[in-house]
Amino acid sequence: MKRQRHRFKMIALFLFALFLLLGLYGVWSVTHYGSRWFSYAGNPRLAAQKENVVEGDILDRHGTVLASTDDGRRIFSSSPQARAAMVHVLGDRNGMIANSVETFQAGYLYGYQSSLSDAVHLLMTPSDVRKGNTVTLTLDAGLNTVLPGFFQLHPLSAGKNGAAVVMNYLTGEVLAMTSLPCFDPDTVTDADIASLDHPFWNRATQALYPPGSTFKIVTSAAAMKAIPDIQSQSFECTGTLPVSETFAVHDFNSVTHGTLSLRDAFRRSCNCVYASLALKLGDDALRSAAESFGFNQNFLFRDLVVYNSSYPVSNRTFDAIAASGYGQSALTATPVHMCLISAAVANGGTMPEPRLIRSVKTASGSQVLSFSTASARRVCSDEIASELSSMMKDVVQGGGSGNLADIPSLDIRGKTGTAESSLNGEKINYAWFTGFNAQPELPVAVCILVENIPDGETGGTVSAPVAKDVFMWLKNNISQVLSSDP
Amino acid sequence: MSKKHNRTPGRRLVAVVMLFYFLAFLLLAVRKSSREGYILSIAVPLMIFLGTNLLPHMFKADRLLLSLSNFLCALGVLILYDTNPAYAYQQAVSYGIGLLSMVICILLVRSVFSWRLLVWPLILISLLLLALPVLWGKETNGAKNWIALGPVSFQPSEVVKLSLVISLAWFMSRRKMIPWLLFSVLCLILLMLQKDLGTALLYYMTALMLYWASAGSMIFTGIGILGGCAAAVYGYNQFSHVRRRVAIWLNPWADFENAGYQLVQGLMAIASGGLFGVGLGLGMPTAIPVYESDFIFAVICEQFGLIFGICVLLMYIALIWRGVSVAMSARRSFHSLLAMGSTVLLGFQTFVIIGGVLKLIPLTGVTMPFVSYGGTSLISSLCLIGFIQGVGSMNESDLEEDTHLAMLG
């Protein structure tokens, strides 16, 4: 009987544990996924709220109105360039752009989630004047408006699809983000939409590209962690590195680099050295470095829906591992993520959480949400970060592959990449530049991606000049960009 | 003795609960301007009063257990009145019948001394009842577990729960392993044929836990667990509806307009409630398919918030705790196992459905005890509470006899 009582107690404890699990899982999933569940397009509550509430305004960091509602109609900026440049961040009228501010922040804009006092206030106000919350973004409308123009200034990137992300690497605030092709939500016609290549797609957050040589940042970090004296070793590049009978790594244009240090290999973006490094490190070490840089992680940022980057876990042949060293073989990342990797290097190894919302205020002016930074993850040690930063300095300022991004009065560091992929059986190349300004008075990271570049062109020739324009604009408008009060 | 009963949990708490329901129903009645709402605002607190205050005068009942089950039943009626008044009237009637059935079950436990004569006919009737839907059942939500007798339609598996608990407890107390095993397996097979996987899982867990609690043999319990796992794997490979359930659980968003629609709508409802809920009568709970039964927990979370949802979980925990302590203080093996079986069945059923709604485990269509719409389910849940109360009142009488004898001695 005594033993039986003991077993009864065990069963009771088992049931209690199950209920504890229920409670903890419920709280965890609602706090982590709640806003994503709520803002899903199929939520009938939002449609109902739209009938009763006037959608709130969207402002940029200086208080410029980016979207407002007048007589039931949504009004975006008055300048056509501004409307087009920010259409992917803000959203279009028909909700075709997924996870834009208009859809992802609908709970705030329609005042669905508010404090108790606000709920009472809303109930007391006659329904025809009920207004949602005002959402202030971290964006700088001036920079964001001219961003697509920088692509058009250079013949190699003009008219191409692509994406650009600019963020403050200390706070994670996204200052500008654009996706090309973009369109003016006020004047766009169905024929325009049909003629553009996936215009509703926010390529900065939701397009997964092979990172190519920009991934060498991660491979270098893994190598420096695993092999402490790696900087004093030398490598031999013969232009090709046969991995198996069917696959050999080639350098761009089959250049032979000769004897190189790791620093030289990074500066000149030598694939052979990085392929051999990947094979030496092994798949597990490289994957674990990639995962600490955010690959294979479920990004649950508060303000942005960013698709998850991946470092494949299955089907890992030696060919694939070698190609992973320079960011090929089914590795994928978004431009926002590659920008975050630069931000992490600039920030001493801590990747900030990207933020898009500065504040949310009710129509009556009380604060619902105010800005707070939170570091997303620690990606590498301080020492490795400063070493990576100095290697990225060589790329831009030491005559490396990114020299076209250099501006003498700034301290620009970065990494270029030329990624290969095939689309419908055709080879397609992507040009990357991800980098940052190391001066503390202008703590900005930039990532530029250009799709489908001509054969023979590289990230250094296509994307670096666009990045240079962005940095130049930032330098000329430094006082405006970093002021935060509207 | 009466002093002790007055102490826990206090008439004042019951008064607060009654006031809460009076105001809640009144609020909705004014909003809907419906006469039935005013009637409910009086009737439901009255039933709570009768259920928690009158019964302890008749038997030595556990007041906490009574208050908790009455609170949950009334919560069900309240939610249903907001979302679909017609369901609420039926539910209120079932609540009344359930309270009477609970009294009958208490009397049954107290007065039947020869269960042997009852158990065999009970088993026969149970198996017949479970076989009926297989032959003439009507299919709802993918399972063929309802039968219609003229105007009344009911779910035999809910009724059989009661005889399952009685007969398993009796067999175990007499160490009759072969009939125990045969009856359990036959029930499970019939439930599988009805495609009622949720109930099958409940029966299986109840049988297994009762066996381990009384026999304590790790080897046979292990074999039972392995057998259950084998059946689960077989079911997954054999039945497409099982595979579909698992696929929906893994990613309801993949096909959120069809297969995953219900789960996704439930999650949206929970998310839109936030921590404190949108408020009684507000929100759009009726957008969730089967909001009145399987997904009533999502409705509770949307209207009253996640914190209240967790309080509801705590109420079930308190209920389990009382049930287990009644089982532990029982003098007779049969009584102890009867109370334990009823508690395990109620507790596990709650976990299975709330876990399914929160997407912690694959969704299986069982009801949330006391709260979900459904007469058979509500009545059988209150009958299980009746069993626990019956055993509890027997314990009290035994204790009283002891003190009496001690005083004589």
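**Reading a predicted two-chain model**

Reader: How far apart are the end C-alpha atoms of helix H16 (residues 335-346) of chain A, and what span should its residues have?

Author: The expected span of a helix is 1.5 Å times one less than its number of residues. The 12 residues of H16(A) should therefore span 16 Å, and the end C-alpha atoms lie 17 Å apart, which agrees. Helices (H or I, at least four residues) and strands (E, at least two) are DSSP runs numbered from the N terminus. The model is predicted: local features need pLDDT of at least 70 and side-chain atom pairs count only at pLDDT 80 or more, whereas totals for chains, interfaces and linings use all residues. Residues are numbered from 1 along each chain as its sequence is written, and chains are lettered from A and ligands numbered from 1 in the order in which they are written.

Reader: How many residues of H16(A) are buried?

Author: A residue is buried if 20 or more other C-beta atoms, placed from the backbone, lie within 10 Å of its own, exposed if 12 or fewer do, and partly exposed in between. In H16(A), 12 of the 12 residues are buried, so this helix is largely enclosed by the rest of the structure. Among them are A:Pro335, A:His337, A:Ser342 and A:Val345. After H16(A) comes A:Gly348, with a positive phi near 70 degrees.

Reader: Which residues does A:Leu388 touch, leaving aside those up to four places away in sequence?

Author: Two residues are in contact if their C-beta atoms lie within 7 Å. A:Leu388, in helix H17 (residues 382-397) of chain A, touches A:Ile217, A:Ser220, A:Ala221 and A:Val345. A:Val345 is also one of the buried residues of H16(A). A:Leu388 has 27 C-beta neighbours inside 10 Å and therefore counts as buried.

Reader: Is A:Gln297 buried or partly exposed?

Author: A:Gln297 is partly exposed, because 16 other C-beta atoms lie within 10 Å. This residue sits in the loop between helix H14 (283-292) and helix H15 (318-324) of chain A. Beyond its neighbours within four places in sequence, A:Gln297 is in contact with A:Glu291 and A:Asn308.

Reader: How many residues has the largest nonpolar core?

Author: A nonpolar core is a set of buried Ala, Val, Leu, Ile, Met, Phe, Trp, Tyr and Cys residues joined through C-beta atoms within 7 Å. The largest has 134 residues, and B:Val77, B:Val165, B:Leu210 and B:Phe387 have the most contacts inside it. Apart from it lies another core of 130 residues, including A:Tyr209 and A:Met338.

Reader: In what order do the 6 strands of the open sheet of chain A run?

Author: Two strands pair if DSSP finds at least two bridges between them. The order is E3-E2-E1-E4-E12-E13, with mixed pairing. Strand E3 (73-76) and strand E13 (367-370) each have a single partner strand, so one side of each is left without a neighbour in the sheet. Strands E1 (residues 58-59) and E2 (residues 65-70) of chain A pair in the antiparallel sense over 2 bridges; A:Ile58 has A:Ala67 as its bridge partner in E2(A).

Reader: How many residues does each chain give to the contact?

Author: Chain A gives 29 residues and chain B gives 36. The largest share of the side of chain A that touches chain B, 21 residues, comes from H1(A).

Reader: What pLDDT does chain B average?

Author: The pLDDT is the predictor's confidence in each residue, from 0 to 100. Chain B averages 88, and 95% of the residues score at least 70. Over residues 1-7 of chain B the pLDDT is below 50. The model scores ipTM 0.93 and pTM 0.79.
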